[in-house]
Amino acid sequence: MAINWNAFWEWANPRKFMRWTDRALPVISVLAAVIFVSGLVWGFFFTPDDYRQGATVKIFYIHVPSAMMAINIWAMMLVASLIWIVRRHHVSALAAKSAAAIGMTMTLIALITGAVWGKPMWGTYWEWDPRLTSFLILLLFYIGYMALWEAIDNPDTAADLTSVLCLVGSVFALLSRYAVLFWNQGLHQGASLSLDAEENVSDVYWYPALVAIAGFVLLFVSLVLLRTRTEIRARRLHALEMRERVKDA
Amino acid sequence: MIRLLWRDITLAFRSGGGFGLGLGFFLILVTLVPFGVGPDGEMLSAIAPGILWVGALLACLLSLDRIFALDFEDGSLDLLATAPIPLEGVVAMKALAHWITTGLPLVIAAPALGFLLHLDSAAYRWLIVTLLIGTPALSFIGSFGAALTVGLKRGGLLMSLLVLPLYIPTLIFGAEVVRRGAGGFLVATPLAMQAGITLGAIALLPFAAAAAIRVALR
């Protein structure tokens with residue numbers, strides 16, 4: 001196999017990947033746990049209640065980070081799929097596969113926490129609002145992507161086809177995102193944390209939110225590494241089984 | 001390529017080709033809706049644009065797996081892949097044949113069905129225009145979905161799971177055009193957006209579909 005052995009791509013070698021994640025994973029997991037818990041505890045117990053929303057505002061610390069992750073994980077899958085298509089690193093395809101389930105969970109968390117918050121605030125669990133609808137569509141894309149992985153036996157074929165689906169799906173997900181804006185007026189508030197907005201959440205909520213976001217990112221990184229390691233091991237196990245079967249025959 | 005187009009169209013028209021299936025499905029769906037929501041004329045005319053578009057979409061979906069599955073089974077897809085014309089062209093021609101045998105009849109039948117649903121008289125024109133512009137996108141997006149699942153044993157259900165989310169933008173703009181047409185509003189913006197989606201799908205998706213087929217034939 002012709003691999004360009006420059007420093008960056010070396011990380012994608014399965015054996016090397018296993019070696020460095022073996023050392024890095026405990027550190028990242030512990031860091032993720034500490035930051036995740038401290039962000040949520042800070043957010044839940046050490047911030048004042050909002051003067052209009054009361055304590056319900058605190059769902060913000062789960063809702064916003066999970067929603068951000070839901071979108072960013074799809075972007076990460078897109079990058080990983082591109083790397084698989086262009087450079088055919090198996091770790092990349094497996095990382096995209098591992099990330100999909102986490103991304104779907106994050107989308108679900110964002111939808112459910114949003115519904116729980118929406119009932120007391122908007123008086124409804126669900127409204128066909130552009131943001132809500134695009135998240136539902138994103139959930140459908142995650143489900144389709146995972147279903148395609150499950151349906152194909154040959155791992156390389158599955159990696160190829162899901163990568164193509166991820167590319168095309170990204171375009172259509174983006175298209176749907178703006179199409180639904182056209183289709184219905186929104187109930188959802190604007191971006192909570194954009195850097196250039198004039199009106200943002202106040203600093204009291206902002207700092208714990210940043211910590212919570214960092215916690216979610218680290219949680220995702222550690223989960224994706226863990227799941228990718230599992231996938232690599234499953235692949236090796238499969239290869240060993242095949243070798244045994246050939247030997248017996 | 002023209003000959004391939006003719007071959008696919010002829011195959012679809014001959015017995016067992018499934019021509020008319022989508023049309024029949026469209027008719028049944030539109031007949032079922034009043035049973036579900038009640039015969040109230042005002043209600044029907046309010047939901048008619050959406051129902052007609054969703055019906056067209058599902059009717060299109062019904063015949064998608066025929067685009068490649070039969071050719072894959074009897075091996076002619078392998079021959080087409082090794083033929084001197086590019087696979088992208090084969091895919092585009094097959095999607096076009098699918099549109100001519102499924103999408104075009106839907107466009108022609110839709111006004112009659114709109115009549116059944118008390119569609120507003122101002123909207124007929126726009127219904128035809130938007131279906132004419134939008135259904136090619138359904139065929140081309142569908143050909144991509146069919147290409148992804150061509151090698152799979154029970155790919156049909158999975159294909160609908162993959163294809164339906166991709167249909168969302170087309171559906172949104174299509175139904176919006178008819179709704180606006182019925183209300184007498186300007187339709188240029190959603191119509192232009194839909195035309196954009198269709199042209200983009202025709203230009204780009206054959207490449208994605210051909211890539212998927214190459215993987216499946218490997």
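The model is predicted: local features need pLDDT of at least 70, side-chain atom pairs count only at pLDDT 80 or more, and totals for chains, interfaces and linings use all residues. Residues are numbered from 1 along each chain as its sequence is written, while chains are lettered from A and ligands numbered from 1 in the order in which they are written.

**Chain A**

Select chain A and colour it by secondary structure. Chain A holds seven helices and zero strands; helices (H or I, at least four residues) and strands (E, at least two) are DSSP runs, numbered from the N terminus. Of its 249 residues, 35% are buried, a term for a residue with 20 or more other C-beta atoms within 10 Å of its own, those atoms being placed from the backbone (12 or fewer: exposed; in between: partly exposed). Two residues are in contact if their C-beta atoms, placed from the backbone, lie within 7 Å. Among contacts in chain A with a separation of 6 or more, 78% involve residues 24 or more positions apart.

**Where the chains meet**

Next, display both chains. Here 22 residues of chain A are in contact with 19 residues of chain B. On the chain A side, select helix 5 (130-151) and helix 6 (155-183), the elements that give two or more residues to it. Helix 6 of chain A provides the largest share, 13 residues. By class, this side has 18 nonpolar, three polar and one charged residues. Ala, Val, Leu, Ile, Met, Phe, Trp, Tyr, Cys and Pro count as nonpolar, Asp, Glu, Lys and Arg as charged, and the others, Gly among them, as polar.

**Chain B**

Now select chain B alone. Nine helices and zero strands are found in chain B, and buried residues make up 51% of its 218 residues. The C-alpha trace of chain B spans about 55 × 35 × 30 Å along its principal axes. Of the contacts in chain B between residues at least 6 apart in sequence, 81% join residues at least 24 apart.

**Helix 6 of chain B**

Finally, select residues 87-116 of chain B. At 1.5 Å a residue, the 30 residues of this helix should span 44 Å, and its end C-alpha atoms are 42 Å apart, which agrees; the expected span is 1.5 Å times one less than the number of residues. Centre the view on Ala110(B), where a kink of about 40° lies shortly before the proline Pro111(B). The bend at a residue is the angle between axes fitted to the seven residues ending there and the seven starting there. Just after helix 6 of chain B, His118(B) takes a positive phi of about 60°.
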